[in-house]
Amino acid sequence: APTTPAPTTTAALTIDPDNIITDKKLPTCDCWQSECGYCSKMECTVQHDLLNSDTGVQVWSTVDKNSFNSIRLYSEEGETLGTFQWNTRGIFLTGCVGCRTPWRLRRARNTEGKTNWEFSLKDGVVRLRVGDAVYEHALKGECKEVYSSAKRFAFYNMGCENSFLLHDDMEAGEMINETCAGSCPAR
């Protein structure tokens, strides 16, 4: 008598292309080098709609009183708008913000190793988050007008030992990769 093969069952896997996470952790390529035209070449920036995006710039770096964590901000056309800087002593945004770092942020940082922090300009509000601690400053007038055109960013004076998360709504310039176009060792 002929044998009938047993029926096989296969599971269907449905993939929604809109929900695929493609975020990638990369070094904070320092734009202050000759290959980047000392922060003037857009190949060394990340395109990101800072004012309207729900995702900020998420960074892992050392936070102390001696060196600044710095993000240079640009318009779509590449015009330098200013620099966001912070450490345990102060928070600054060129021409608009200058204050002492609140105690809650200093306390939230890792005292050894890297601290995960996030910077955003969503809806014209400078926002710095370290864990559950948040600093916010609503930009007004000319400051809001200038920084509302922030569509690109680059890391300034931050080394290869630090990293950031390239979210899927960001587009890295060709010099922003795992080795910062050869200026950082491969990880």
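Guide: Two strands count as paired when DSSP finds at least two bridges between them. The model here is predicted.

Visitor: In β11, what is the bridge partner of V46?

Guide: Start with the strands. Strand β2 covers residues 46-47 and runs antiparallel to β11. Within β11, V46 has as its bridge partner F153.

Visitor: How many bridges join β4 to strand β11?

Guide: β11 spans residues 152-156 and runs antiparallel to β4. One of the contacts sets I71 against F155. The number of bridges joining β4 and β11 is five.

Visitor: In the hairpin of β4 and β5, which residue takes a positive phi?

Guide: β4 and β5 run antiparallel, joined by six bridges. Y74 has T80 as its bridge partner in β5. Five residues lie between the strands. The one with a positive phi, near 100°, is G78.

Visitor: Which strands stand at the edges of the sheet?

Guide: The open sheet has seven strands with antiparallel pairing, in the order β7-β6-β5-β4-β11-β2-β13. Each edge strand has a single partner strand, so one side of each is left without a neighbour in the sheet. The edge strands are β7 (97-100) and β13 (171-172).

Visitor: What kind of pair do the rings of W32 and Y156 form?

Guide: The ring rule gives a count of eight aromatic pairs. For W32 and Y156, the centres lie 5.7 Å apart and the planes stand at 80°. Planes over 60 degrees apart count as edge-to-face. The W32 and Y156 pair is therefore edge-to-face.

Visitor: How many residues apart in sequence are the parts that W32 and Y156 tie together?

Guide: W32 sits in the loop between β1 (24-27) and β2. Y156 belongs to strand β11. The pair therefore ties together parts whose separation in sequence, in residues, is 124.

Visitor: Which residue lies over the face of Y156?

Guide: Y156 forms one aromatic cluster with W32 and Y38. At 22% relative accessibility, Y156 counts as partly exposed. At 4.5 Å from the Y156 ring centre, over its face, lies R72.

Note on methods. Residues are numbered from 1 along each chain as its sequence is written. This is a predicted model: local features need pLDDT of at least 70, side-chain atom pairs count only at pLDDT 80 or more; totals for chains, interfaces and linings use all residues. Side-chain values use heavy atoms; hydrogens and water are left out. Helices (H or I, at least four residues) and strands (E, at least two) are DSSP runs, numbered from the N terminus. Rings of Phe, Tyr and Trp (its six-membered ring) pair if their centres lie within 6.5 Å; planes under 30 degrees apart count as stacked, over 60 as edge-to-face and the rest as tilted. Buried means under 20% relative accessible area, exposed over 50%, partly exposed in between (1.4 Å probe, protein chains only). A charge sits over a ring if NZ of Lys or CZ of Arg is within 6 Å of the ring centre and within 35 degrees of the ring normal.
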